Amino acid sequence: MENTELQKIWKTIDSEFYPKSKDELSLLLTSKTKQTINKFLVIMSISILVCVGLLIYLAITSLNRQNDLIYLINNATLGIVTIISLASGLLSWYKLQNKKYNQPLKNWLEERINILSKWLTGRLSKLYLFLIPFLYVLIVLSIHVYFENKSFIDVLNTEESIIGLIIGTPIGLFVSYYGARKIRKYQISNLEFLKDLHNRLCNMC
Amino acid sequence: MKSPKEEFLDILSNYQGILYKVSLVYFKNKPDREDNLQEIIYQLWKSFPSLKNHNSIGSWIYAVSINTSISRIKKVSRIEYRETIPELPDKSSVIDEMLKNESLQLLLKAIYNLDELDKSIMLLYLEEKRYDEIAEIIGISKSNVGVRINRAKEILKQNLKK
């Protein structure tokens, strides 16, 4: 088949299209914009709601346990980590969403690979391995100590509490790691896909 | 004086064929193509303020359309959060109707067997874009465009023979 013949066949597409009117295009743009804004709002609202809920809980319980210094340190650490995680998470997500697509494919791939690589293989990429158990234990202790109506040290000296922590922690960690690993696996496969495309483009250069 | 949105819709209306064709090359299913089309329109709108920096409107639309489509390939197999898309008159079903054109159907099947990069290069070649335009859209050198097109054409011809 001749090259021009391929182009001729391809050109037949043009005569088959029924273009959308400006009103229809405008409707598509408006609905997609709303959809994207709503998606952002849903994610942001849920994250903020969970974090604010946790912060309120930490503040109330801390006020009720002002004499227990270790409990206050526990809650303050949790609060700080929560605020930092929320802010950095939302900022990274916003950055990725805000990237413009109006550049050559190769440059666009490089930019996206850089952002995802920073998340997934950068200096802080393994932080979640430490943060999940750290936060889990702090949250469990905060709740447990508060509802036991004992001081932090007393609870840690109770045999039942330690046994509960030893049994409960692996189960909680398993669920948390499973979720985190699944998300990470998808993101890494995405990164590999982009890297593969980029490598193939570079092989042409 | 026209508002930026009106200006954008004028351009979109004149160049919408590009959006359909890029979606057609990357997505076999009509719902995926429709979703992709909508996403491309949104990404074009987002980068519309930077259009002044581009030499040609066509190149800008091809670049955004190809980049958007590639970023969506991995997503389509996953369940996404979505709201109901407004029902429009179903004129876009022409994509399926036109597959009745047997030669075009064969050509599309052959294109579907190409990898993502060859698809975009082949599309631009079939659209009769110049090598320098293809180089600008893809981000590779002009000489490499020629090499890649020849390679993609060979694969395409082999696919057509099957």
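Predicted model: local features only at pLDDT ≥ 70, side-chain atom pairs only at ≥ 80, totals over all residues.
Me: Into which domains is chain B divided?

Reply: Chain B is split into domain 1 (1–92) and domain 2 (101–162). The contact between them uses eleven residues from domain 1 of chain B and ten residues from domain 2 of chain B. On the domain 1 side, the elements that give two or more residues are α1 and α3 of chain B. The largest share of that side, six residues, belongs to α3(B). Sorted by class, the domain 1 side has eight nonpolar, one polar and two charged residues.

Me: How do I read a pair of helices, and at roughly what angle do α1 and α3 of chain B cross?

Reply: Look at the distance between the axes, then the angle, then the handedness. Helix α1 of chain B covers residues 4–26 and helix α3 of chain B covers residues 57–73; their axes come within 10 Å and cross at roughly 35°. The crossing of α1(B) and α3(B) is right-handed.

Me: Which residues of α1(B) and α3(B) meet?

Reply: From α1(B), the residues are B:Ile11, B:Tyr15, B:Ile18, B:Leu19, B:Val22, B:Ser23 and B:Tyr26. Facing them in α3(B) are B:Ile57, B:Gly58, B:Ile61, B:Tyr62, B:Ser65, B:Ile66, B:Ser69 and B:Ile73. By class, the residues of this contact are eleven nonpolar, four polar and no charged.

Me: How many residues of chain B count as buried, as a percentage, and what share of contacts is between residues 24 or more positions apart?

Reply: Take burial, then sequence separation. Of the 162 residues of chain B, 38% are buried. Among contacts in chain B with a separation of 6 or more, 67% join residues 24 or more positions apart.

Me: What is in the largest nonpolar core?

Reply: Find the members, then ask which of them touch the most others. The largest nonpolar core has 52 residues, and those touching the most other members are A:Leu105, B:Ile41, B:Ile121, B:Met122 and B:Ile137. Helix α1(B) gives the largest share of this core, ten residues. At least three residues come from each of domain 1 and domain 2 of chain B.

Me: Which residues does B:Ile137 touch?

Reply: Leaving out residues up to four places away in sequence, B:Ile137 touches A:Pro104, A:Leu105, B:Ser59, B:Tyr62, B:Ala63, B:Ile66 and B:Leu124. There is also a second, separate core of six residues, including A:Tyr71, A:Tyr146, A:Phe152 and A:Val155.

Me: How many residues does each chain give to the contact between A and B?

Reply: Count each side on its own, then sort by element and class. Chain B gives 54 residues and chain A gives 44 residues. On the chain B side, the elements giving two or more residues are α1, α2 (30–46), α3, α5 (102–112), α6 (116–126), α7 (131–138) and α8 (142–161). That side has 26 nonpolar, 15 polar and 13 charged residues.

Me: What is the phi of A:Asn149, and is A:Asn149 buried or exposed?

Reply: A:Asn149 is not a glycine, yet has a positive phi near 60°. A:Asn149 sits in the loop between α5 (127–148) and α6 (152–157) of chain A. It counts as exposed because 9 other C-beta atoms lie within 10 Å, and the cut-off for exposed is 12 or fewer.

Me: And where does B:Glu128 lie?

Reply: B:Glu128 is in the loop between α6 and α7 of chain B. Its phi is positive, about 60°, although B:Glu128 is not a glycine. With 11 C-beta neighbours inside 10 Å, B:Glu128 is therefore exposed.

Me: How far apart in space are A:Asn190 and A:Ile113?

Reply: Compare the separation in sequence with the distance in space. A:Asn190 and A:Ile113 are 77 residues apart in sequence and 9.4 Å apart, C-alpha to C-alpha. A:Asn190 is in helix α7 (residues 159–204) of chain A. A:Asn190 has 17 C-beta neighbours inside 10 Å, so it counts as partly exposed. Beyond four places in sequence, A:Asn190 touches A:Leu116 and B:Lys74.

Notes: Residues numbered from 1 in each chain as written. Chains lettered and ligands numbered in written order. Axes fitted to C-alpha atoms, helices over the stretch in contact; angles between N-to-C directions. Helix = DSSP H or I, 4+ residues; strand = E, 2+ residues; numbered from the N terminus. Left-handed = near helix turned anticlockwise from the far one by under 90°. Contact = placed C-beta atoms within 7 Å. Nonpolar A, V, L, I, M, F, W, Y, C, P; charged D, E, K, R; others polar. Core = buried A, V, L, I, M, F, W, Y, C linked by C-beta atoms within 7 Å. Buried ≥ 20, exposed ≤ 12 C-beta atoms within 10 Å, placed from the backbone. Domains from an automatic or database assignment.
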